[in-house]
Amino acid sequence: MGVICVLPARLYSTRISRKPLQKLAGCTLLEWCWRAASAIRVFDQIVVATDDGEIEACARGFGAEVVRTRSDHVSGTDRVDEAADLLGAAEDDVVVNFQADEPFVDGGAIEGAVRRAQELATIAVPIRGEAEWRSSAVVKVARADDGRALYFSRSPIPFSRDESPGFGTRARLRHVGVYACRRSALRRWAAMPESALERAERLEQLRALEAGMKIHVELGPWTEPGVDVPADIERAERLLSTRG
């Protein structure tokens with residue numbers, strides 16, 4: 001079994017213009033994420049997957065391997081699936097979709113997700129407060145005792161009817177959008193049409209759940225959220241500036 005890490009990157013984002021090339025503490029956001037991936041020992045290969053020449057030039061400039069993908073992909077999962085084909089991934093390989101806006105993700109949690117990726121695996125961390133729990137920008141996940149994902153939502157789940165939410169525990173979890181997928185499972189996921197729940201929540205992992213695929217949720221320590229909206233840029237730059 002090989003482990004391939006793919007960082008899907010497109011130039012234009014709905015919330016932050018030219019997000020992968022956004023400069024933070026002297027480096028682009030893409031480079032910070034590539035550095036974070038490079039520090040994880042379980043990866044046999046790390047590549048940036050993009051359809052954009054400017055991103056390709058940037059990535060090659062800091063030493064990354066790059067694969068050029070089509071420009072018609074509607075999601076990072078689709079881009080990672082094409083990259084896996086271009087890289088010749090075997091059906092039993094694990095392909096990691098490492099989001100190019102998650103420079104703070106915990107490496108140990110990713111390694112755990114890789115080890116437990118029978119089909120699909122992802123990461124969750126404790127939610128620390130009510131504002132995070134209630135924010136629609138924060139994706140929440142409900143997890144079974146055996147680690148299976150039960151549901152993902154932008155709404156605050158699970159709802160607390162008769163007690164306080166219990167922040168900082170396994171009861172309230174923030175989803176970190178990094179996926180470890182068996183190549184065969186990734187191919188199946190990417191080939192499915194958009195599902196009803198996916199369309200409602202705008203969360204593509206619900207497509208896999210609706211189809212009966214198992215998603216293991218690996219628990220990690222609380223980490224800083226990624227860079228999703230313009231307000232995140234100042235926070236991320238302040239934190240990354242301490243890394244040098």
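Predicted model: local features only at pLDDT ≥ 70, side-chain atom pairs only at ≥ 80, totals over all residues.
Residues are numbered from 1 along each chain as its sequence is written, and side-chain values use heavy atoms, leaving out hydrogens and water. Local features need pLDDT of at least 70 and side-chain atom pairs pLDDT 80 or more, while totals for chains, interfaces and linings use all residues.

Start by selecting strand β6, residues 94-97 (strands are DSSP E runs of at least two residues, helices H or I runs of at least four, numbered from the N terminus). Val94 and Val96 point one way, Val95 and Asn97 the other, and all are buried (under 20% relative accessible area, 1.4 Å probe, protein chains only).

Strand β1, residues 3-9, runs parallel to β6 over four bridges, with Cys5 opposite Val96. Strand β10 is antiparallel to β6, again through four bridges, and here Val96 partners Ala180.

Now colour the largest nonpolar core, 46 residues (buried Ala, Val, Leu, Ile, Met, Phe, Trp, Tyr and Cys joined through side-chain atoms within 4.5 Å). Val96 and Phe98 are among the residues with the most contacts inside it. Helix α1, residues 29-38, gives the largest share, seven residues.

Finally, move along β10, residues 173-182, to Arg174. Is Arg174 buried or exposed? At 5% relative accessibility, Arg174 counts as buried. A polar atom of its side chain lies 2.4 Å from the backbone oxygen of Thr223. Contacts of Arg174 (heavy atoms within 4.5 Å) beyond four places in sequence include Glu132, Trp222 and Glu224.

Technical notes: Buried < 20%, exposed > 50% of the residue type's maximum accessible area, 1.4 Å probe, protein only. Polar contact = N/O pair within 3.5 Å; in protein donor to acceptor, adjacent residues only side chain to side chain. Pairing = 2+ DSSP bridges.
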